[in-house]
Amino acid sequence: MTAMAPSERGFSKPLAIFSLSIAAITVALLFFGGNLHRFVRESLMQRVTSAHYEILCPPGALSQGAMTEFATQREPLFTALDKKLGDADSNLEIRIIFDPDLRGKPQFDSAQTSVYLVSGTTIRATLNGQNPQLSAAADAEALLYAAWGKPGNAQLARWTAAWLVGEWQGTEIGMAAAQVEQKLGHKKLATLLGDPGGEISSPDDRILLGAAWISEIAEFGGADAARKLFAAKMSNPNVAEVTKALGTTPLELDRKWQMWMYAYLAGMPSMPRDSGMPMDMPMAGSH
């Protein structure tokens, strides 16, 4: 076996280091290349700020006036949402990035007019034309993150954000949910959480009923109960996990949910019996 010359040994070490460096850079680009590209792209965007918002968009996509107007009109929403959380984050700044090339798994608002992603206190939203639109639930989700920390489940976080907004397409959450209950009949909590039988076919109806349920939790148990539910780590929320998080029983959960909905249904106009809509709502625990 021929011994390696000193000059060859001296050359092989730098070569090995260089090869490892290239491999590390390649791996980093594979895992973080998308984030790096987004960081560079967003750092070059035009921006305006207000008391609680930083608005960004690609150069020329919106005028400075339109961005300033959007931020200014957003301030009362921030104040209203923060007040519901006990003014927990009055100094918070929410970053909203309008990006025509939004990627990821975006959420639609209930009116299907805006598409957005929320990451911490940063909101990324689509931009169509010169009139930026964004669901109030996006701001609520960002504020909840700042006030209550990282949510334990994305579905419950979205329901909680809708509860914090307090209305659904201009109608108070409870009344809007009562309209859905008139149409579908009462849905127990197990169905609302998992819907194993596909009884709630509309994603919007499910979000609305979920937000109404969070409203009931907050009304009977206070904001602390809603916060416990928001923070509870659940991969797939179900009655057992919710019961554990709130320290109650399945029967009590369904009883309070039904009582709360009945109170709203009592104020709704009756639907015609021949409308084909389900009207019977058996009490929890009955067979």
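## Salt bridges

Counting a salt bridge wherever a side-chain nitrogen of Lys or Arg lies within 4 Å of a carboxyl oxygen of Asp or Glu, the count comes to eight. This is a predicted model, so local features need pLDDT of at least 70, side-chain atom pairs count only at pLDDT 80 or more, and totals for chains, interfaces and linings use all residues. Residues are numbered from 1 along each chain as its sequence is written, and side-chain values use heavy atoms, with hydrogens and water left out.

Let's begin with Glu54. Its salt bridge with Arg47 has the closest N and O atoms 2.8 Å apart. Glu54 is buried, with a relative accessible area of 9%, while Arg47, at 32%, counts as partly exposed. Here buried means under 20% relative accessible area, exposed means over 50%, and partly exposed is in between (1.4 Å probe, protein chains only). Glu54 also meets the side chain of Arg95 in a salt bridge, at 3.0 Å from N to O. That pair links distant parts of the chain, with Arg95 in strand S3 and Glu54 in strand S2, 41 residues apart. Helices (H or I, at least four residues) and strands (E, at least two) are DSSP runs, numbered from the N terminus. Arg95 is partly exposed, with a relative accessible area of 28%.

Another salt bridge joins Glu199 and Lys187, whose closest N and O atoms are 3.1 Å apart. Glu199 lies in the loop between helix H6 (189–194) and H7, and Lys187 in the loop between helix H5 (173–184) and H6, so this pair ties together parts that are 12 residues apart in sequence. Glu199 is partly exposed at 40% relative accessible area, whereas Lys187 is buried at 11%. Salt bridges that share partners join Arg47, Glu54 and Arg95 into one network.

## Aromatic pairs

The structure holds seven aromatic pairs. Rings of Phe, Tyr and Trp (its six-membered ring) pair if their centres lie within 6.5 Å; planes under 30 degrees apart count as stacked, over 60 as edge-to-face and the rest as tilted. One of the pairs is Trp148 with Phe230: the ring centres are 5.6 Å apart and the planes stand at 70°, so the pair is edge-to-face. Trp148 lies in helix H3 (residues 136–148) and Phe230 in helix H8 (residues 223–231), so the pair ties together parts that are 82 residues apart in sequence. Both partners are buried, Trp148 at 12% relative accessibility and Phe230 at 2%.

Trp159 and Trp213 are also edge-to-face, because their ring centres are 6.3 Å apart and their planes are at 90°. With Trp159 in helix H4 (residues 154–165) and Trp213 in helix H7 (residues 203–221), this pair ties together parts that are 54 residues apart in sequence. Trp159 is buried at 2% relative accessibility, and Trp213 is buried at 0%. Ring pairs also link Trp148, Trp163 and Phe230 into a cluster.

## Helix H2

Helix H2 (residues 64–84) has 21 residues and reaches 31 Å from its first C-alpha to its last. That is close to the 30 Å expected at 1.5 Å a residue, where the expected span is 1.5 Å times one less than the number of residues. A kink of about 30° lies at Glu75, shortly before the proline Pro76; the bend is the angle between axes fitted to the seven residues ending there and the seven starting there. Just after H2, Gly86 takes a positive phi of about 75°.

Which residues of H2 are buried? They are Ala66, Met67, Phe70, Ala71, Arg74, Glu75, Phe78, Leu81 and Asp82. An α-helix has 3.6 residues a turn, so residues three or four places apart point the same way. The buried residues of H2 pack against strand S1 (46–49), strand S2 (53–57), strand S3 (94–98), H3 and H4.

## The nonpolar core

A nonpolar core is a set of buried Ala, Val, Leu, Ile, Met, Phe, Trp, Tyr and Cys residues joined through side-chain atoms within 4.5 Å. Of the 73 residues in the largest such core, Ile55, Ile94, Ile96, Trp213 and Leu229 touch the most other members. The largest share of this core, nine residues, comes from H7.

Taking contact as heavy atoms within 4.5 Å and leaving aside neighbours within four places in sequence, Ile55 is in contact with Gln46, Arg47, Val48, Met67, Phe70, Ala71, Ile96 and Phe98. Ser215 is found in helix H7 and is buried at 12% relative accessible area. With neighbours within four places in sequence again left aside, Ser215 is in contact with Trp163, Ile173 and Trp260.
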